[in-house]
Every structure is written in C-alpha cells, then in structure tokens.
Amino acid sequence: METYRIEIGGCIRQLPICPINETLSIAGFVMLGDVALTEACAKELLKLCPEHDIIVTAEAKGITLAHEMARIGCGNYIVARKGAKAYMQNPISVEVKSITTENVQRLYLSQADYEKLENKRVLIVDDVISTGESLAALQALLSRVSAHIIGSAAVFAEGEAAERNDIIFVQKLPLFFK
C-alpha cells in the first residue's frame with residue numbers, strides 16, 4: 001500500500017493513501033487510538049491558537065484531539081453529535097456533508113451544551129479541514145447560540161484548504177490525483 005509520511009511534534013507516521021473516487025485519493029489521517037500522536041498534535045496546534053474558553057468539535061475523529069487540547073489548555077470541550085440522543089434536551093441541529101462520509105449527516109447540540117457556550121470564546125477544532133463542509137456546519141450550528149467563535153483550527157489543511165487565511169493549521173496535507 002502506498003503511504004504518505006508525516007512528522008508532527010517528533011511523531012512520525014506513514015499515512016495510507018485512500019481512494020475517495022476514481023480520480024482522487026487522500027492520506028488517511030486518524031489519531032483515534034494513537035495517544036502519542038494525539039498528544040503531539042494537540043501541543044503543536046495549541047501553540048498556534050488564540051486564547052479560548054471552550055473547544056467545540058464534531059463527532060468523531062476530532063474528539064481525541066479536542067479532549068487533549070482541553071486537558072492541557074482551557075479545560076472544556078463540547079462534541080457536536082451526529083445523532084440526537086435520548087438524553088439531549090431541546091437539541092438544535094444543522095446538515096453536514098463531509099468528503100470522507102458518503103451521506104449527508106446532521107450535527108446536534110443539546111440545550112445543556114449550547115447553554116455552556118453562551119458568551120464564551122469558542123475554538124472550533126477538527127483533525128483535517130479539506131472541503132470545509134464540516135467546519136461550515138459547526139460554524140452554522142454555533143451561530144444559532146450566543147457563542148463567540150474566535151478561531152477554527154485543525155492539525156492538517158488538505159488540498160485547497162491550505163490556501164485559506166481564515167483557519168489555523170499545523171501542516172498542509174496534499175491531495176493525490178490520478
């Protein structure tokens with residue numbers, strides 16, 4: 001299998017090159033289960049981020065990163081869930097279509113979560129920003145509450161996302177075309 005080498009905070013990994021369609025492949029970056037990589041990514045990303053009160057991420061791949069960033073930083077994070085759960089009172093939601101997900105999904109925040117965000121400086125965090133669809137969905141969700149988004153950050157900006165000046169990222173990640 002073809003791979004792409006990354007190095008972040010002293011952690012070296014070989015990412016598998018994964019086909020998305022007939023002409024496009026991406027480097028499969030997954031921190032889930034890799035504690036050393038998650039810790040290194042959180043530390044490096046926090047160096048670049050503005051001061052914030054709380055982190056918000058989308059379920060699921062950004063959770064470990066948000067947790068580690070909150071642990072060594074602000075101490076608080078919230079996960080926008082991909083499904084409404086029975087314990088979620090008065091949830092709000094938006095639609096999202098990600099490059100790595102086949103179908104349109106929804107992101108949800110419970111009333112308890114969005115009340116925690118009121119008048120807080122919020123940092124949106126994800127593992128990779130590519131098309132920006134997940135980021136836009138999180139921004140739309142947070143615009144429905146009185147949160148102050150102070151930045152949007154990811155470990156990697158993939159493809160054209162690396163040309164954006166409205167996101168914070170540690171490194172560029174190339175797209176692979178056939």
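Trainee: What should I know about the model before we start?
Mentor: It is predicted, so local features need pLDDT of at least 70 and side-chain atom pairs count only at pLDDT 80 or more, while totals for chains, interfaces and linings use all residues. Residues are numbered from 1 along each chain as its sequence is written, and side-chain values use heavy atoms, with hydrogens and water left out.

Trainee: Which way do the residues of β3 point?
Mentor: In β3 (residues 24–27), Leu-24 and Ile-26 point one way, and Ser-25 and Ala-27 the other. Strands are DSSP runs of E, at least two residues, and helices are runs of H or I, at least four, numbered from the N terminus.

Trainee: Buried or exposed?
Mentor: All four are buried, meaning under 20% relative accessible area; exposed is over 50% and partly exposed is in between, with a 1.4 Å probe and protein chains only.

Trainee: How many bridges join β2 to β3?
Mentor: Three, and the strands run antiparallel; pairing needs at least two DSSP bridges. Cys-18 stands opposite Ile-26, and a hairpin of four residues links β2 to β3.

Trainee: What about β11?
Mentor: β11 (residues 175–177) pairs antiparallel with β3 over three bridges, with Phe-177 opposite Leu-24.

Trainee: New topic. Where is Asn-119?
Mentor: In the loop between α3 (111–117) and β8 (121–129). Asn-119 is exposed, at 56% relative accessible area.

Trainee: What is Asn-119 in contact with?
Mentor: Beyond neighbours within four places in sequence, Ser-146, Ala-147 and His-148, where contact means heavy atoms within 4.5 Å. The C-alpha atoms of Asn-119 and Ala-147 are separated by 5.1 Å, and the two are 28 residues apart along the chain.
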